[in-house]
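Work through the exercises below with the model open. Try each task before you read its solution.

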Amino acid sequence: MPIVKPPISYTSRDFSSIKEELINYAKVYYPNTYKDFNDASFGALMIDMIAYVGDIMSFYVDYQTNESLLDTAIEEDSIVRIAKQLGYKFNSTPAATGPAAFYVSVPANSAASGPDTDLIPILKAGTLVASDAGAVYTLADDIDFANANTEIKVSEVDSSGTPTKFAYKAYGTIISGELTEETIDVGSFERFLKIRLGGENISNVVSVIDSDGNEYYEVDYLSQNTVFRAIRNIATDALTAPYILRSMYVPRRFITEHTLASETYVQFGFGSETEIENKSFPDPTSAALKMNGRNFFADSSFDPSQVLKTEKMGIVPVNTTLTISYRKNTIEDVNAAVNSINTVVDSQVEFRKSSVTHSSAVQQISAFEVDNEEPIVGNVSLPTAEEIKVRAIDNYAAQNRAVTKQDYLALVYRMPAKFGGIKRANIVQDSNSSKRNLNLYVIAENSDGDLTNASTTLKQNLKNWLNKYKMINDTVDILNASIVNVGVNFEIIGELEKDFTLVLNDAIDALKAKYQTKFNLGEPLYISDIYSTLNDVDGVVDTVSVEIVRKSGTGYSSTHFNINQHISRDGRLVNVPHDIILEIKTPAADIVGVIR
């Protein structure tokens, strides 16, 4: 006969329900063995103890299950741990950043016709400035005072009125924190070496160099073996793309980890120095586990540790001394109010011409000054548990790759500004290609804020940037978009009791404000919106007509574009192809109105 198992209630998980089920079980299956269920009896004591243990075990099972899932986790340590598994980079010491204005005075040249261009300095990244509250900030990128966007004014004249000094004003981005160095001795080989840094409030690690001069580069993950490096651009298009983007293979690399306790660790890989010389994948015959002590062969198991012993996971430092530079905040609150940063603690200066004597040139120019015209702000408070959950899920969904159109456009706009800025972009599949060839149309912006074609360096930087993220079977052609300059002519009817001049000016100002933001590539121009904008102006009775005209001639683009052929049948909008962008270049001259 089959054995009939007694029914057990697996849903009883708390003390009371477990106790109740145990008593019922004893009454049903042991009616003659035990009958004393008095709360003061020894049997009741044993049942209570068993129920107690069951309740505790149920609690810890539930706790461990909840803390292993991001949605149900409560402990911050568990949330951060799971978030890291999803690729989220947690930083317990965020930094504040913002723009600052830097000033320097340059003497006039020998002819007193202008500043001495040989003495125009370059303020190097790493320059330290301080606020009234004692917070120290570091200049993130070089400031070249010879840049065309630098403001220049006469600051000093002699008795005859001849300029003797010129004041230069340029902007740079500063980041909270000062650079600190720490040396750490490393002994014998240790796989995935993890080192805790001794500093506090560390916002980021700047560099890691061993005693042999080898530099280790920070990556997001140890399996990432390439990084981007900035090389100063000395070509004619240096204003639009100050740096050239180059991808670099880095066998020596590390990752940085921050904890909730404000501890910072650097971790290296599992490769050895010999792997750089060999540059070979392990021989499969040597990647099998050795079966010692047997005179027969059954099977050979693959040893995964042999695969790790390559430079693919990064080279770990051995028997050396590491010099680690990192940026740490000097105070807890690193935000700064307007005009509160006014002290240059340490300036690092460079001059373009090698013939200039550095010490002599520094003495001839005035000391640098700094001022923050905008507040320096940052999210100095740590994200809450719920915020970490949301960010981790979003980061996992992004996958750091380009698959969709939105992925590509997001990556284009994410490229660091030092390599050139893309103002507008659009990507479409090449209809003339039988493969997955994509056409990426881009447009840049000049120093005057007008649209212009992207330079060759800028497009090359963008190509190098996208190569890391695009799908392996995608081919992307980066092309210049075409600019079409347009103007708006309109006629409106004004209220009789209103001043027609003021009403017309208000109508023009309303259109200027509407088209202050640049169009997107392929974005149509809605004529109906112009009617609505004009009719909403105080003093306008009605809009009689609106005409979109193409502007041509000196200063305007030469792109051929027949506006009448692209107006929709109902006359409500101007259709624009995906590789063309509209621009109202000079609103004061290109928006013309008549009132009657």
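**Exercise 1. Is Arg 13 buried, partly exposed or exposed, and what is its relative accessibility?**

Solution. The model is predicted: local features need pLDDT of at least 70, side-chain atom pairs count only at pLDDT 80 or more, and totals for chains, interfaces and linings use all residues. Residues are numbered from 1 along each chain as its sequence is written, and side-chain values use heavy atoms, with hydrogens and water left out.

Step 1. Buried means under 20% relative accessible area, exposed means over 50%, and partly exposed lies in between (1.4 Å probe, protein chains only).

Step 2. Arg 13 has 34% relative accessibility, so it counts as partly exposed.

Step 3. Check its partner. Arg 13 forms a salt bridge with Asp 62, with the closest N and O atoms 2.4 Å apart. A salt bridge here is a side-chain nitrogen of Lys or Arg within 4 Å of a carboxyl oxygen of Asp or Glu. The pair links distant parts of the chain, 49 residues apart: Asp 62 sits in helix H2 (residues 42-67), Arg 13 in the segment before helix H1 (15-29). Helices (H or I, at least four residues) and strands (E, at least two) are DSSP runs, numbered from the N terminus. Asp 62 is partly exposed too, at 33%.

**Exercise 2. Find which parts of the chain the salt bridge of Lys 169 and Glu 373 ties together.**

Step 1. Locate the contact. The side chains of Lys 169 and Glu 373 meet at 2.7 Å, N to O.

Step 2. Locate the ends. Lys 169 is in strand E7 (residues 163-176) and Glu 373 is in the loop between strand E19 (369-371) and helix H7 (385-398), so the bridge joins parts 204 residues apart in sequence.

Step 3. Lys 169 is buried at 16%. Glu 373 is partly exposed at 36%.

Step 4. Within it, Lys 124 and Asp 142 meet at 3.0 Å, N to O. The chain's count comes to 13 salt bridges.

**Exercise 3. Work out the strand order of the open three-stranded sheet that contains E2.**

Step 1. Apply the rule. Two strands pair if DSSP finds at least two bridges between them.

Step 2. Take one pair. Strand E2 (residues 121-123) and E5 pair in the antiparallel sense over two bridges. Ile 122 has Asp 144 in E5 as its bridge partner.

Step 3. Read the order. It is E5-E2-E18, with antiparallel pairing. Strands E5 (143-144) and E18 (349-351) are the edges, each pairing on one side only.

**Exercise 4. Describe the surroundings of Asn 485.**

Step 1. Asn 485 is in strand E24 (residues 482-494). Its relative accessible area is 2%, so Asn 485 is buried.

Step 2. List neighbours. Contact means heavy atoms within 4.5 Å. Leaving out residues up to four places away in sequence, Asn 485 touches Val 549, Arg 550, Lys 551, Tyr 556, Ser 557, Glu 583 and Lys 585.

Step 3. The Asn 485 side chain comes to 2.7 Å from the backbone nitrogen of Ser 557.

**Exercise 5. Which elements do the buried residues of H8 pack against?**

Step 1. Pick the residues. In helix H8 (residues 405-414), the buried ones are Asp 407, Tyr 408, Leu 409, Leu 411 and Val 412.

Step 2. Name the elements. They pack against strand E20 (424-429), strand E21 (437-445), helix H9 (456-467) and strand E23 (475-480).

How values were computed. Polar contact = N/O pair within 3.5 Å; in protein donor to acceptor, adjacent residues only side chain to side chain.
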